[in-house]
Amino acid sequence: MNPSPPPPPPRDPDLLEEALGLGRGGSPPWRLAFVEDCVETSGAFVLHHFLKRALSTEGDGTVVFLGLAQPFSHYDRVLRKMGCNLSVQRNKNKLHFIDLLNLEFLGEQKLSNEKGENDREIGFMDLYNRILRSIEAIRSKDNNGGWTTIIIDDLSHLEIAAHGSVKHVLDFLQYCRSLTSEMDCFLVILNHEDIHSSDEALQMLSHLDYISDILIKAETLSTGIAADVHGQMTVVIKDAPGGLIKKLHSFQFKVKENGVEFFYPGSRF
Amino acid sequence: MATAADGRLLGARSANTSSFSRARSSPSAVLPSPPNPGVKVGPNGATFVSSGIPDLDRILGGGFLLGSLVMVMEDADAPHHLLLLRNFMSQGVVHRQPVLFASPLKDPRAFLGTLPSPVSLSKEHRQRDTLVDHNQQDQEKGLRIAWQYKKYFGDQQSSQIHNRDVKQEFSNDFDLRKALERQHVQYIESMSIQDIPRLTILRDRCSNFLSGLPRSDGGNLSAGRIAIQSLCAPQCGYAEMDWDLVAFIRFLRSIIRSSNVVAVVTFPTSFLSPAFLKRWQHLADTLLSVRAIPGMFKCFAFLMRSIVWITWSYFQLFPFCTSDEDKDMAKLLTGYQDMLGLLHVHKVAHNNSQVPTVLEASTFSLKLQKRRSLVLERLNQAPVEASSGTSYSTSGTCSGPSKGSSLDF
């Protein structure tokens, strides 16, 4: 009987959303975004930001989340402080959480033989099929109009599960990328840039750079750690995969329990 | 007395149904079991155990988070990580928490003989206590052990470190000059990781340890500790097993995540390639590193050549090492001569939160207080003399990277 309260006015997009072209509704103009971080500054908060945004009531977005680094309870608690209840979303079939904390394709076996290769291939195919099934399950319900975001946290765990096989990991990523066009979804992957910045691992980094549309980099300030500014963020937008840089955004951030603040350097006091 | 009075006050109520009853004292337990002092509950449902170093607990915001992985990067020049491991394990023994210790030594039990004993009240204090409590002595004879603990050897309740001489508190001070008695140490599970053919052996041992832990100890939270020393050290023989090692760490992290165990793993950074070093660092929830003080290298190199490397008597010789570099450092920092080494906090585990922990200072000096217990102090820059014009960068308490300072990591 009581009239429902008016919906809250849509809030202004923050600097990150503006940089990513997310604005007020509408689908993002990109398909594959890589979030890069380092030991000193964790980029997990960007994933939480995407997760919250995708599941917000404003859009009809759905999420398939590959949790390799943390258990579900961790994300549940973190997002709850940000005002998003993951358990409820999971029950409503808007979130498919694939718990991969214990993911391992191989045991302690010799990897050079056929069986080792086979295990990894089978493992990755299984994982890909699981993602596919989750997307289909989400789409089969009345979740039209929205788009699906696949979030992977994080890539280095996939590499460990694959015992360092760059080939398998990149193949898997290519398959996931194909999903973005076939199934009309978006891919956000967290990667640790400092692992791959040494000579031996540069191959992976250049591949990732090539296939991505957007790069979101979280790093520490060059002047060190501060309590008010947790780091700086650089968003690199390319005009085409493997193409030239179209636009570069740079700003700073401070991570809080209930969200993240983005601001231009010097605009906080 | 209380029940009789209540009976009178409440009229027809019998003593049995009275809500007030005198605490029953039985021979075996005087009081109902107190909440477990070894586990502290913090905000957001976080549970902590002590690291064995009260200062470190304070720095980390409570202690080591249960369910987290603590990694300590060793310094090739000085075995300070052993101090952290020793205090960590001794604290577990004092709180009766199961400990699993894995070491690259052929016989890990030799290292357990160097665990420090908690600082107990002085003998004079004990004597004073016995005079005052003479009336209660009959009732509490079972608990009063003092220096006659050997009489009660084997009795679970009456081991020396668990009696009232050593306060049951969350974090104890340990006397590094005094070793923990053998009978306490024998309960620590230990295994050698030298030349084991496959890491699955270590994995299975950790899994078994976890499954064997009591979930709760009579209604109180219980905790377990895993200590792994020098995981990728060359004597372990894991030369071509880079990926297996990092997979093991990932496995360890995943099994302790939802358990009441904290794992401390130390590793020498010089034996890892840069990419793998970063991988290990990313996997850690809490990341610490220990460093020797520059200028002390010559002393350490000599000592390690001439003494078995696992001995804690070396730091007795500290004040006698002097050189020009030492004199420069003494000008830069106060209390330099008393420093054992430096501890740097790179990352602090945060429980179910995305907010990073920003410390006011992340580099601390390891010192011995009263030549026996370990303390961590913030680095204090010595007053700069007008005459000296050395261009060391600003302050030792700055937690960010600063160029040119020899204290940087």
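In which strand of chain A is the place of Gln252(A)? In this predicted model, for which local features need pLDDT of at least 70, side-chain atom pairs count only at pLDDT 80 or more and totals for chains, interfaces and linings use all residues, Gln252(A) is found in strand 8 (residues 245-256) of chain A, where helices (H or I, at least four residues) and strands (E, at least two) are DSSP runs numbered from the N terminus. Residues are numbered from 1 along each chain as its sequence is written, chains are lettered from A and ligands numbered from 1 in the order in which they are written, and side-chain values use heavy atoms, with hydrogens and water left out.

With a relative accessible area of 13%, Gln252(A) is buried; the term buried stands for under 20% relative accessible area, exposed for over 50%, and partly exposed for values in between (1.4 Å probe, protein chains only). When its neighbours within four places in sequence are set aside, Gln252(A) is in contact with residues including Leu221(A), Val229(A), Met233(A), Phe262(A), Phe263(A) and Pro265(A), contact being defined as heavy atoms within 4.5 Å.

The contact between the two chains draws on 45 residues from chain A and 33 residues from chain B. The size of an interface is often given as the accessible area lost when the parts come together. For chain B and chain A the buried area (the accessible area, with a 1.4 Å probe, that two parts lose on being put together, summed over both) is about 3,300 Å², and carbon and sulfur atoms give 54% of it.

Three salt bridges are counted between chain B and chain A, a salt bridge being a side-chain nitrogen of Lys or Arg within 4 Å of a carboxyl oxygen of Asp or Glu. One salt bridge joins the side chains of Arg279(B) and Glu159(A), at 3.2 Å from N to O. On the side of chain B that touches chain A, helix 7 (200-211), helix 8 (242-257) and helix 9 (274-283) of chain B each supply at least two residues, and helix 8 gives the most, with eight residues. The residues of this side comprise 12 nonpolar, 12 polar and nine charged, where Ala, Val, Leu, Ile, Met, Phe, Trp, Tyr, Cys and Pro count as nonpolar, Asp, Glu, Lys and Arg as charged, and the others, Gly among them, as polar.

Over all chains, a search of the whole structure finds 19 salt bridges. In chain A, Lys217(A) pairs in this way with Glu193(A), their closest N and O atoms being 4.0 Å apart. Lys217(A) belongs to strand 6 (residues 214-219) and Glu193(A) to helix 8 (residues 193-196) of chain A, so the pair ties together parts that are 24 residues apart in sequence. Lys217(A) is partly exposed, at 24% relative accessibility.

In chain B, a salt bridge links Arg291(B) and Asp75(B), with the closest N and O atoms 3.6 Å apart. This pair links distant parts of the chain, 216 residues apart, with Arg291(B) in strand 13 (residues 286-292) and Asp75(B) in the loop between strand 4 (69-74) and helix 3 (80-94) of chain B. Arg291(B) is partly exposed, at 34% relative accessibility, whereas Asp75(B) is buried, at 10%.

A further salt bridge in chain B brings together the side chains of Asp285(B) and Arg253(B), at 4.0 Å from N to O. Because Asp285(B) lies in the loop between helix 9 and strand 13 and Arg253(B) in helix 8 of chain B, the pair ties together parts that are 32 residues apart in sequence. Asp285(B) is buried at 12% relative accessibility, and Arg253(B) is buried with a relative accessible area of 6%. Arg253(B), Arg257(B) and Asp285(B) are joined into one network by salt bridges that share partners.
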